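I opened this notebook to record what I looked up, entry by entry. Each entry states one topic and what I found.

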Amino acid sequence: HGRVFALNTLIAWSTLPIGFGLVAPYGAAVFDPLVAPDGPLASTAGVLVGTGEGRGVGLMYVLFALAMAVVALVALRSRLPSLVDGGADALPDDLVGLQALGRRPL
């Protein structure tokens, strides 16, 4: 299991440089004009995050937080975890050993 966890961690952490290098500059370039003082979202989203320079990143954080909340709610409503972990648990080893010896558990 250690190798699998290490590989999962490696893959997850390898996305951080992509986020720092691409999302921040391009996200600011895309979202800053939307919440500029005369931008199309200044009267709606600008009330929440403000208007002006750097507020596009704030809007991006709010939108990504909403997206994560939606994904979490959809995952909670999904039946997939019950399909994966729907079976009965295995008996503990000490009970299996006692049954093999023909003894009753205390």
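Entry 1, leucine 59. I located leucine 59 in helix α3; helices here are DSSP runs (H or I, at least four residues; strands are E, at least two), numbered from the N terminus. The model is predicted: local features need pLDDT of at least 70 and side-chain atom pairs count only at pLDDT 80 or more, while totals for chains, interfaces and linings use all residues. Residues are numbered from 1 along each chain as its sequence is written, and side-chain values use heavy atoms, with hydrogens and water left out.

Is leucine 59 buried or exposed? I found leucine 59 buried, because its relative accessible area is 5%; buried means under 20%, exposed over 50%, and partly exposed in between (1.4 Å probe, protein chains only). Not counting residues up to four places away in sequence, leucine 59 touches Phe31, Val35, Leu41, Ala45 and Val49, where contact means heavy atoms within 4.5 Å. I also noted that leucine 59 and alanine 28 are 31 residues apart in sequence and 9.4 Å apart in space, C-alpha to C-alpha.

Which residues make up the largest nonpolar core? I listed six: Phe31, Val35, Ala45, Val49, Leu59 and Met60. Such a core is a set of buried Ala, Val, Leu, Ile, Met, Phe, Trp, Tyr and Cys residues joined through side-chain atoms within 4.5 Å. Two or more residues of this core come from each of α2 (45–49) and α3 (55–77). Leaving aside neighbours within four places in sequence, I found phenylalanine 31 in contact with Gly56, Leu59, Met60 and Leu63.

I placed isoleucine 18 in helix α1. Isoleucine 18 counts as partly exposed because its relative accessible area is 49%.

I read in the unreviewed UniProt entry that the annotation "transmembrane region" covers residues 7–28 and 58–76; positions follow the numbering used here, feature names are shortened, and annotations may be inferred rather than shown by experiment. For residues 7–28, the end C-alpha atoms lie 32 Å apart, and the span is 100% helix and 0% strand. For residues 58–76, the end C-alpha atoms lie 27 Å apart, and this span is likewise 100% helix and 0% strand.

I found leucine 80 in helix α4 (residues 80–84). Leucine 80 is exposed, because its relative accessible area is 52%. The C-alpha atoms of leucine 80 and alanine 100 are separated by 36 Å, the two being 20 residues apart along the chain. In helix α5 (residues 93–101), I noted that the count of buried residues among its nine residues is zero. Glycine 102 follows α5 and has a positive phi, near 80 degrees.
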